[in-house]
Amino acid sequence: MQTTIDYNTRIPNNVNLAEDRALQRALEHWQPRFLDWWRDMGPDESTNHDVYLRTAVSVEHEGWAQFGYVKMPDYRWGIFLNPVEPGGLINFGEHKGEPVWQEVPGEHRANLRRIIVTQGDTEPASVEQQRHLGFTCPSMYDLRNLFQVNVEEGRHLWAMVYLLHRYFGRDGREEAEALLTRRSGDANNPRILGAFNEKTPDWLAFFMFTYFTDRDGKFQLCALAESGFEPLARTTRFMLTEEAHHMFIGQYGVARVIQRSCEVMKELNTDDPAKVRAAGAIDLETIQRYLNFHYSVTIDLFGADQSSNAATFYTEGLKGRFNETKRSDDHVLKGQTYRMLQAVDGKLMESDAPMLNALNEVLRDDYIRDSMRGVERWNKVIEKMQLPQRLQVPHKAFHRKIGTFAGLWVSPGGRVISESEWNAGVRDWMPTTEDRAFVASLMGRVVEPSKFASWIAPPATGINGQALDFEYVRFN
């Protein structure tokens, strides 16, 4: 298996696509439909921009990408898998210790297809959610980062479509077509997962999305990277290389918003949100409410607290846990339990559940710990400015729509409350119509090199060693 990528073909790849003419023709038939989708639902009015993008040239950890100007419709989307690791064994479930599968086992076909389709559906969904953000970018630097995320989400769609075409025959081809027909937020044909039907109306929402929701992507991809179906594992391992940059954009973007907010608070010697807003920055209270919304919507993506599907996927060797091979248990989990929080008669109580059925919750808890570390890094920004305020993630039962906490009214601190108490407090906890209108009012487009909007601090360094006044996007 080659590790460098062949760009001398219509579909760049490192899977020797030319050796399978039927597959190549099928993907070449899908390719123009993908480009039609990109023109219709990709970044709006960006067709003629020259964008300073990174493009994968290898799947090796070192030197895997090159930078240069590209028109996004000409971006070379392709199919890139990590190299085969000889002697690979399945690391968990009832097939533990058996050789990994190079083809789809018939008995697991339906479940694998479902997993791949669900993952694949998230990729074009996020592009659709973000397609108008270029009109309100806070800087040329940020606009380029948005476009980088967009083209890589498009490539992640290609990664899943390759698996569907290569391993699932007519069913896979039909699923690949459907990935281009669903639309984020469409009442009649929405995307599969709820968070991917929410709007991303402004850049604070975009940064929160790339921090929280792309972090869900990290944990889902890490679980799939353990799969006994080796082509899926190899595909997701390379996707994680690109996903890391998306989370960085979110982490650093929110940090820069916080930095600017703190600067204004220090300059004015005030923590009054109205005065911070009047100075053209976003107050920390509004940032906290945005955090609450995006965090709570994202942890619902992990699914029900107890799930027979999760147990099946694990037992069958299809989807592991985060850092599966680093865990010290038997990797079979029969008879093991997991301590988890549940809602019982309107109260929050801890109890033991069968580990296999609690695997969604295990992954969610791993995600929560990782998310909290990032929020602490945001708090370091506030701390360095010698201000007392701190951000925090809300309780895991707060604003949940899926699982045992659905329908329960819970405060950000974790107190079960009445519906009337929720209605009285929700304006302090969740973004209001007025909050979103205010943030939207700040979203004037800034595209002059080295210039930044009033509500966000400049980055410390440019991209790929370039200066901050580098022309990251050329408007033609």
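User: How many cavities of 30 Å³ or more does the structure hold, and what makes a space a cavity?

Analyst: The structure, a predicted model, holds four cavities of 30 Å³ or more. A cavity is a set of points, on a 1 Å grid over the protein atoms alone, where a 1.4 Å probe fits but cannot get out; its volume is the space filled by probe spheres set on the points.

User: Which helix supplies the largest share of the lining of the largest cavity?

Analyst: Lining residues have an atom within 4 Å of a point, and among those of the largest cavity are Q129, F209, F293 and H294. The largest share, four residues, comes from α8, while α5 (203-224) and α8 (284-299) each supply at least two.

User: Why are α3 and α4 called roughly antiparallel?

Analyst: The axes, lines fitted to C-alpha atoms over the stretch in contact, with angles from 0 to 180 degrees between N-to-C directions, cross at roughly 155° for α3 (residues 140-167) and α4 (residues 169-178) and come within 6 Å. Angles over 145 degrees count as roughly antiparallel, and α3 and α4 are therefore roughly antiparallel to each other.

User: Which residues of α3 meet α4?

Analyst: With contact meaning heavy atoms within 4.5 Å, V161, L164, H165 and Y167 in α3 meet residues of α4 including G169 and R173.

Analyst: Residues are numbered from 1 along each chain as its sequence is written. In this predicted model, local features need pLDDT of at least 70, and side-chain atom pairs count only at pLDDT 80 or more, whereas totals for chains, interfaces and linings use all residues.

Key
Side-chain values use heavy atoms; hydrogens and water are left out. Angles under 35 degrees count as roughly parallel, over 145 as roughly antiparallel, 65 to 115 as roughly perpendicular and the rest as oblique. On a 1 Å grid over the protein atoms alone, a cavity is a set of points where a 1.4 Å probe fits but cannot get out, and a pocket is an open set with protein on both sides within 12 Å along at least five of seven lines; lining residues have an atom within 4 Å of a point.
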